[in-house]
Amino acid sequence: MASTIVTFELGDREVEVMVRPLTTLQAVLRGQLGATATKEGCRQGGCGSCTVLVDGAPVLSCLLPVEDVAGRRVTTLETVTPSEGLHPIQQAFLDANAYQCGYCTPGMVMLAKALLDHDPDPGEETIAQALTGNVCRCTGYRPIIEAVGTAADALRDGDAGQPR
Amino acid sequence: MSAPLNVVGRSVDRSDGIGHVTGRTLYTGDRTFPGMLHLRMVRSPVHHARLRGIDLSAAERVPGFVRALTAGDVPHNRYTILSLIGVEPEEEFVLAEDRVRFKGEAIAAVLAETEEAALEAVSKVRLDLEELPAVFDVEEALRPGAPVVTHWGSNTFMYEGHPCRRVRLGDVEAGFAQADHIVEGVYNTSPIEQAPIETTGCIAVPEANGRYTVYTNTQALYFSLDNTAIILQVPGNRLHFVGGTVGGGFGGKVDVIVEPIATLAAMRTNRPVRYVYSRSEEMQVSSTRSAWRIYFKDGVMNDGRIIARKVTSYADSGAYSRQTPYSLTKHAANVGGPYAIPNVSIDAYCVYTNRQPSSAMRGFGVTMGSFALEVQMDKIAEVVGLDPWTIRFLNAYRNGDLKPHRKPAEDATLIETMQAAAALVGHELPAELLAMTSAPRTDREGGR
């Protein structure tokens, strides 16, 4: 099967990759673009550690053929991280110790971003509901849910984009 | 020179916190090296079989195939992880020789330029297997005529010549004869996969100076290094293991499984080799927590005192023992519980079956024993008509009480811990329980 060229936006830059058919967005990010913040827990859509945003919506990059993001905007944890300091969601995760081994954290942060971009004031129930597809085996979900709530407060208070 | 010791009592930022929230933490599988090969494993499709042949010819024709490794390529193919602490015999095969003992057992390692090529080559390896009867239950494995799992002919691990780890205190049969009630229980638990989100894996990199750097997510760095040195028959100083960043382990990453074969592959090809489990390998091949069956028989007096306890435990080690012999020893030392019982007999068996090997998982040996023990304590409370708190206070260790393994309790805190726990959950304890302490028993209370 012949390879094809796929062009998409990664954060604010345009990238062009050559892929064999059905190569996943996860494989391209990690293998070709060195963007390893997107994790690889199961490669079968079961753990959420590979969550990225495509045009603002959370997707499991391990299940998505990269051809499907042609011409669209992909947001990964690398593109969310400011050049200095942390995004308020990252700061909230750090402050709440909302991680232990850290492997699920990138997916959790990306999912939180998708949620808060869409719903700036979610209740605990909504946050918990939003996170159901992302598995954490260490910390438990309470500090993660708390961190997302704290991040929502910080973003509403106008801290968005402010390096902290 | 030394900084003041001022950390205790303060909240200190984790050194890896920024890396975790930004995704900059480099886990094993995030690394890549020029010329890196990919290792995928040919595995047994059946639970138990004679291995009569491995045909690699079709696999070798897959574009990108580099080479395969089979048992004959491994310098010291039969090993046991705990040989480092004197456990024997060597019983597990890095790559299967003439027999496979569980579904998923490693048979041949395939190295290829890409992961896809390695997977394709693996799918084209033809195995000549003669399937054998398999056993999956600990007690069935101990019956005469059961399929024999180990290469030396016994389905139990031997503890100093005995088929089980034994603990004896007093005369348990005399205790049963005196008891007002006999309370029996059997407790079964299933295997549990630790299921870390990051799967087990490593990358072995040959260095120009003849050494090998092995990036690994093992939970047991020096165990892995030493076992790799034994298996490859090289001095330990030729191996440099880099670890510490582990994407979840819970005991699932203490076995030495991926590093020896990846390092051997790096030696034989002089190229970096990546060997990272797929999710299905993590779930279906890597060690689980053991399945357990635990029998309790307790002799209990009308006043709630337990005067005799007999426990027979079976841990399903699966096809190889890994850390399970150690798990059973911990189990035997703890399953009597934090209770003062004058007559105790414990037999704890590490049993081989054709299930995937089991090994460490959080509190292994003790956790499942505690489950059985504490359900049994509730059962006893019901039989003698006491509440679950009282039965535990009555029987709790106090300083000076003899534990089943004949060591006196010196730092007993169960009574105080239960008093604190009751306060925290808002449970009002009767005055006589609140008045109790772990101080040594007086003669009046004696008889323990």
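**A walk through chain B**

So, chain B: of its 448 residues, 46% count as buried, and buried here is when 20 or more other C-beta atoms lie within 10 Å of a residue's own, with exposed being 12 or fewer, partly exposed in between, and C-beta atoms placed from the backbone. Before I go on, this is a predicted model, where local features need pLDDT of at least 70 and side-chain atom pairs count only at pLDDT 80 or more, while totals for chains, interfaces and linings use all residues. Residues are numbered from 1 along each chain as its sequence is written, and chains are lettered from A and ligands numbered from 1 in the order in which they are written.

Chain B has 13 helices and 19 strands; those are DSSP runs numbered from the N terminus, H or I of at least four residues for helices, E of at least two for strands. The C-alpha trace spans about 80 × 65 × 35 Å along its principal axes.

Now look at strand S1 of chain B, residues 37-43. How many of its residues are buried? 7 of 7. On one side you have B:Leu37, B:Leu39, B:Met41 and B:Arg43, on the other B:His38, B:Arg40 and B:Val42, and both faces are covered.

What does S1(B) pair with? Strands pair if DSSP finds at least two bridges between them. With S14(B), residues 273-276, S1(B) runs parallel over 2 bridges, and B:His38 has B:Arg274 as its bridge partner there. With S7(B), residues 106-112, the pairing is antiparallel, over 6 bridges, and B:Met41 sits opposite B:Ala109.

Keep an eye on B:Ala109. In the largest nonpolar core, which has 61 residues, B:Ala109, B:Val110 and B:Ala265 touch the most other members. S7(B) gives that core its largest share, 7 residues. A core here is a set of buried Ala, Val, Leu, Ile, Met, Phe, Trp, Tyr and Cys residues joined through C-beta atoms within 7 Å. Leaving out residues up to four places away in sequence, B:Ala109 touches, among others, B:Leu39, B:Met41 and B:Ala265.

Last stop, the contact between the chains. It takes 20 residues from chain B and 27 residues from chain A, contact meaning C-beta atoms, placed from the backbone, within 7 Å. Helix H1 of chain B, residues 17-22, gives the most to chain B's side, with 5 residues.

That's it from me, thanks!

Terms used: Two residues are in contact if their C-beta atoms, placed from the backbone, lie within 7 Å.
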